Amino acid sequence: MGFKPYLFTFLTVLFYSITMAQSPANYDESKVPGINLPDPFVSLSGRFISSIEDWEQIRRPEILNLFRENIYGNIPNDFDEISFDEVEEASNPYPEKAILKEVNITVTRNGKSHTMRLNLFLPKTGNAPFPIFLLINHRPKPEDGSLVEDGFWPVSELINRGFATASFHGETVAPDDAERFSEGILDTLYPEELSKPDGMRTLGAWSWAAMRAMDYFEQSPLVDITKSALVGHSRGGKATLWAAANDTRWTVAFPNESGCGGAAISRRKYGETVAIINSKFPHWFADNFNAFNHQEENLPVDQHLLAMLFAPRSIYFASARGDQWADPKGEYISMQLGSRVYAEIYGKEVSFPLAFEELKEPIIQPFAGYHIRQGKHNLTWEDWEHFIEFVEIQWN
Ligand code: GTR
């Protein structure tokens with residue numbers, strides 16, 4: 001057997017990628033590199049952006065496109081047909097106070113179809129149309145067929161407070177699996193995305209699904225989309241950010257503990273890094289994102305710019321003290337910097353004057369908010385309570 005240089009090169013690269021990706025995460029603030037963030041208010045051609053018109057016509061589309069191309073990939077939005085069919089499969093856990101609608105959303109493109117399931121609860125009392133919270137549920141469907149998970153999707157409490165609420169499971173659109181992720185809408189509806197370096201991957205597919213849910217709400221007389229909030233936890237939080245940055249029909253987004261590739265500033269390299277996430281979850285982001293493994297400083301954007309895409313709608317980030325993997329401080333800084341768009345472009349009073357270390361209470365104000373709670377990485381009723389307080393300020 002002769003010497004095979006290509007095999008040697010392959011093994012060297014493999015070894016290097018594995019060891020580098022496994023280099024331990026940094027949790028030492030003194031080792032966070034000095035960072036130089038892209039300026040939100042200077043366009044790629046060097047134009048200084050200070051008016052709403054320049055922001056909306058030039059800079060916002062430019063930033064959105066940079067995220068698309070380099071990080072999240074496409075969300076193809078063309079299809080031939082969409083239909084909404086109600087089915088009755090699960091039992092309603094709250095028949096006394098809520099109506100359950102199980103909706104099959106079927107999308108057809110080039111003669112092929114995919115059906116996703118949306119579960120919607122509407123209050124039995126009160127007047128339609130109802131404000132809505134949609135949860136992107138990245139967890140597997142419970143085996144016992146139940147729809148609701150205590151705390152994570154607190155349907156009963158949301159109904160008590162007069163909200164409609166819905167969720168879908170990400171796995172029914174794109175499985176959360178590096179081998180099987182295409183066995184959903186990618187293989188069926190958008191196979192050409194698979195060979196593109198900026199092609200849609202799992203997080204993009206979940207974002208696409210949130211848009212199809214919004215298509216349903218938009219035509220429903222029971223849902224008020226001028227009061228619509230998208231919620232997701234962790235990987236679902238990353239998809240929440242990307243979905244609602246693209247789809248301006250959402251009026252508020254709540255990425256909870258979304259961390260790396262979500263709310264946190266990538267250049268801090270604190271906790272999970274771009275190289276770690278791309279090696280553990282190669283199916284989440286566009287292939288182009290790999291170019292920034294260990295080279296976050298070369299990204300043409302950072303996550304504070306994503307927060308800015310919500311203006312003049314509202315955006316709220318949430319962290320947990322026991323979730324250092326997601327870099328809570330990086331999530332907060334991203335909100336502090338991102339919220340500058342409200343003051344500097346839209347002339348609104350929005351500010352986060354406290355340093356991260358000084359935070360004691362949730363910051364709940366018009367347009368932008370943040371909280372950090374005690375405890376571990378999870379989506380809990382405590383998080384939802386603050387989300388409700390926040391929408392009550394935005395929507396009343
Ligand atoms: C972790 C991953 C995070 C986060 C989390 C989750 O393993 O590293 O980026 O998304 O999973 O989704 O709970």
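The dialogue below sets computed values against their cut-offs.

Tutor: Keep in mind that this is a predicted model. The chain has 11 helices and 10 strands.

Student: How do you know whether the radius of gyration of the chain agrees with a compact globule?

Tutor: For 396 residues, a compact globule would have a radius of gyration near 21 Å, and the chain has 21 Å, so the value agrees. The C-alpha trace spans about 70 × 55 × 40 Å along its principal axes.

Student: What share of the contacts joins residues 24 or more positions apart?

Tutor: Such pairs make up 71% of the contacts with a separation of 6 or more. Of the 396 residues, 56% count as buried.

Student: Which residues have the most contacts inside the largest nonpolar core?

Tutor: They are F67, L134, W208 and F217, in a core of 89 residues. Helix α5, residues 202–219, contributes the most to this core, with 11 residues.

Student: What makes a set of residues a nonpolar core?

Tutor: The residues must be buried, come from a list of nonpolar types, and be joined through side-chain atoms within 4.5 Å. In soluble globular proteins, nonpolar side chains tend to be buried together. A second, separate core of 27 residues includes L100, F133, L158 and I388.

Student: With which residues is L134 in contact, beyond its neighbours within four places in sequence?

Tutor: Among them are L118, F168, F217, V231 and W250.

Student: Is S234 buried or exposed?

Tutor: Buried means under 20% relative accessible area. S234 has 13% relative accessibility, so S234 counts as buried. This residue sits in the loop between β6 (223–233) and α6 (235–246).

Student: What is phi in N110, and what is it in S234?

Tutor: Phi is near 45 degrees in N110 and about 60 degrees in S234. Both values are positive, in residues that are not glycine. Most residues other than glycine have a negative phi, and most peptide bonds are trans.

Student: How do you know whether the peptide bond from A128 to P129 is cis or trans?

Tutor: Omega is near 0 degrees, and the bond is cis. P129 lies in the loop between β3 (112–123) and β4 (130–137). The bond from A311 to P312 is also cis, with omega near 0 degrees. P312 is in the loop between α8 (303–308) and β8 (314–320).

Notes
Residues numbered from 1 in each chain as written. Predicted model: local features only at pLDDT ≥ 70, side-chain atom pairs only at ≥ 80, totals over all residues. Heavy atoms only, no water. Helix = DSSP H or I, 4+ residues; strand = E, 2+ residues; numbered from the N terminus. Rg over C-alpha atoms; globule rule 2.2 N^0.38 Å. Buried < 20%, exposed > 50% of the residue type's maximum accessible area, 1.4 Å probe, protein only. Contact = heavy atoms within 4.5 Å.
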